[in-house]
Amino acid sequence: MDALYRSYDHMLDICNRLESIADSLPAHIDALSCAALAIELPDALQRTHDEEERALLPILSVSKLPELRNVASRLRREHALDQVNAMEIRETLLALASNSLTLSGDAAGYQLRAFFESLRRHVSAEQDILALLGHVPSSNGSVH
Ligand SMILES: [Fe+2]
């Protein structure tokens, strides 16, 4: 699970950097940070989802508890939505980096905040699930 925890740390760092950009709108934009995040975000998100598909979601998907199987389905739906939204965020970051934003500063800030706040909630929920799984003995068969 170490790789997954590292992925979460990376995603939360990206959220913090997106928040800094949102806070800097509209007048104090760091173009280099925007360009770097535009490149980094989609790959980091994909790597996190890949790691979850390897280390977390199979455990939930085969659980005897329907609630945990439902959690796996919901997380996968959220991943698909986050991937679509990440591409929109990428476009906004590239526009900010090249000073070609067509959105208002308020609209771009709202878009960034909606994304990173949703991502923080998602990661927090997954970290809670991992903590719960760690406290459920696998020998009782309740989740494995
Ligand atoms: Fe996830």
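**A chat about the fold**

Author: Happy to! Of the 144 residues of the chain, 19% count as buried. Keep in mind that this is a predicted model.

Reader: How many helices and strands are there in the chain?

Author: The chain has 5 helices and 0 strands. Read from the N terminus, the order is α-α-α-α-α. The C-alpha trace spans about 55 × 25 × 20 Å along its principal axes.

Reader: Which residues have the most contacts inside the largest nonpolar core?

Author: Those are L18, C34, L37, L41, L93 and L112, in a core of 20 residues. At least two residues of this core come from each of helix 1 (2-24), helix 2 (31-55), helix 4 and helix 5 (105-135).

Reader: Nice. I always look at cysteines. What is C34 in contact with, leaving aside its neighbours within four places in sequence?

Author: With those neighbours set aside, C34 contacts I21, I29, L93, L96 and A97.

Reader: Let's switch to packing. At what angle do helix 1 and helix 2 pack?

Author: The angle is about 150°, and their axes are 9 Å apart. Helix 1 is therefore roughly antiparallel to helix 2, since angles over 145 degrees count that way. Their crossing is left-handed.

Reader: And which residues in helix 1 meet helix 2?

Author: On the helix 1 side they are A3, L4, S7, H10, M11, I14, R17, L18 and I21. Among the helix 2 residues they meet are C34, L37, L41 and A44.

Reader: Where do helix 2 and helix 4 stand, axis to axis?

Author: Their axes come within 8 Å and cross at roughly 165°, so helix 2 and helix 4 are roughly antiparallel to each other. This crossing is left-handed too.

Reader: How many residues does helix 4 have?

Author: Helix 4 (residues 66-97) has 32 residues. From first C-alpha to last it reaches 45 Å, close to the 46 Å expected at 1.5 Å a residue.

Reader: Which of its residues are buried?

Author: In helix 4, the buried ones are L75, A86, I89, T92, L93, L96 and A97. An α-helix has 3.6 residues a turn, so residues three or four places apart point the same way.

Reader: Last one: what phi does N99 take?

Author: Just after helix 4, N99 has a positive phi of about 55°.

Note on methods: Residues numbered from 1 in each chain as written. Predicted model: local features only at pLDDT ≥ 70, side-chain atom pairs only at ≥ 80, totals over all residues. Helix = DSSP H or I, 4+ residues; strand = E, 2+ residues; numbered from the N terminus. Expected span 1.5 Å × (residues − 1). Buried ≥ 20, exposed ≤ 12 C-beta atoms within 10 Å, placed from the backbone. Core = buried A, V, L, I, M, F, W, Y, C linked by C-beta atoms within 7 Å. Contact = placed C-beta atoms within 7 Å. Axes fitted to C-alpha atoms, helices over the stretch in contact; angles between N-to-C directions. Parallel < 35°, antiparallel > 145°, perpendicular 65-115°, else oblique. Left-handed = near helix turned anticlockwise from the far one by under 90°.
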